[in-house]
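Hi,

Here is the structure I said I would pass on. Have a look at it first, and then read on for what turned up.

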Amino acid sequence: MKPNSLEQQSLGSEFAVYDCEIRLKFRLIEEKQIVSNQEQLLEVLLDAFSYGADEYLEPVQVSVEAQELPEIQASPQMRRQLIRLRNSGSDLA
């Protein structure tokens, strides 16, 4: 039985599509006005967490999962990007 070209591509590639889930729970001392603006809040929370624990941030629970997905489950935009990445890699060789 001959594997299809999509399977051959994914086996020889340095890139893959992943389904990622990050669950963070932490306590943070911050200005009250920040919490009312959801976009600004997300940016502040991610920045604070990336700097790590200090006297203003206390991690409570951190969980990270990443699972490789078959490329066919990716959106057409992501599949096009994979093709671009693979083609740019072959240009470097």
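Before the findings, one term: two rings of Phe, Tyr or Trp (for Trp, its six-membered ring) make an aromatic pair if their centres lie within 6.5 Å, and planes under 30 degrees apart count as stacked, over 60 as edge-to-face and the rest as tilted. Also keep in mind that this is a predicted model.

By that definition, the structure has 1 aromatic pair. The partners are F26 and F49, with 5.0 Å from centre to centre and 35 degrees between the planes, so the pair counts as tilted. F26 sits in strand 1 and F49 in helix 3, so to speak a link between distant parts of the chain, 23 residues apart. F26 is buried, at 19% relative accessible area, while F49 is partly exposed, at 22%. Those two values fall on either side of the cut-off, because buried means under 20%.

Now the overall layout. The chain has 4 helices and 2 strands, and from the N terminus on they come in the order α-β-α-α-β-α. Of the 93 residues, 14% are buried. The chain exposes about 8,100 Å², and carbon and sulfur atoms supply 52% of that area. If you take the contacts between residues at least 6 apart in sequence, 74% of them join residues at least 24 apart.

Which residues of helix 3 are buried? They are L41, V44 and A48. Seen down the helix axis, the buried residues fall within an arc of 70 degrees, so they line one face of helix 3. They pack against strand 1 (17-28), helix 2 (32-35) and strand 2 (57-69). On the other side of helix 3, E39, L42, E43 and S50 are exposed. After the helix comes G52, which has a positive phi, near 100 degrees.

Next, the salt bridges: a search of the whole structure finds 3 of them.

- E21 and R23 meet through their side chains at 2.6 Å, N to O. E21 is partly exposed, with a relative accessible area of 37%, and R23 is exposed, at 51%.
- E58 and R27 meet at 3.3 Å, N to O. E58 lies in strand 2 and R27 in strand 1, so this pair ties together parts that are 31 residues apart in sequence. E58 is partly exposed, at 44%.
- E71 and R86 meet at 2.4 Å, N to O. E71 is in the loop between strand 2 and helix 4, and R86 is in helix 4, so the pair ties together parts that are 15 residues apart in sequence. Both E71 and R86 are buried.

E71 comes up again with L82, a residue of helix 4 (residues 76-92). Is L82 buried or exposed? It counts as buried, at 6% relative accessibility. Leaving aside neighbours within four places in sequence, L82 is in contact with F15, A16, V17 and E71. L82 and E71 are 11 residues apart along the chain, and their C-alpha atoms are separated by 8.9 Å.

Cheers

Notes:
Residues numbered from 1 in each chain as written. Predicted model: local features only at pLDDT ≥ 70, side-chain atom pairs only at ≥ 80, totals over all residues. Heavy atoms only, no water. Buried < 20%, exposed > 50% of the residue type's maximum accessible area, 1.4 Å probe, protein only. Contact = heavy atoms within 4.5 Å. Areas by Shrake-Rupley, 256 points an atom, 1.4 Å probe, with all protein chains shown as cover. Arc of directions from axis to C-beta. Salt bridge = Lys/Arg side-chain N within 4 Å of Asp/Glu carboxyl O.
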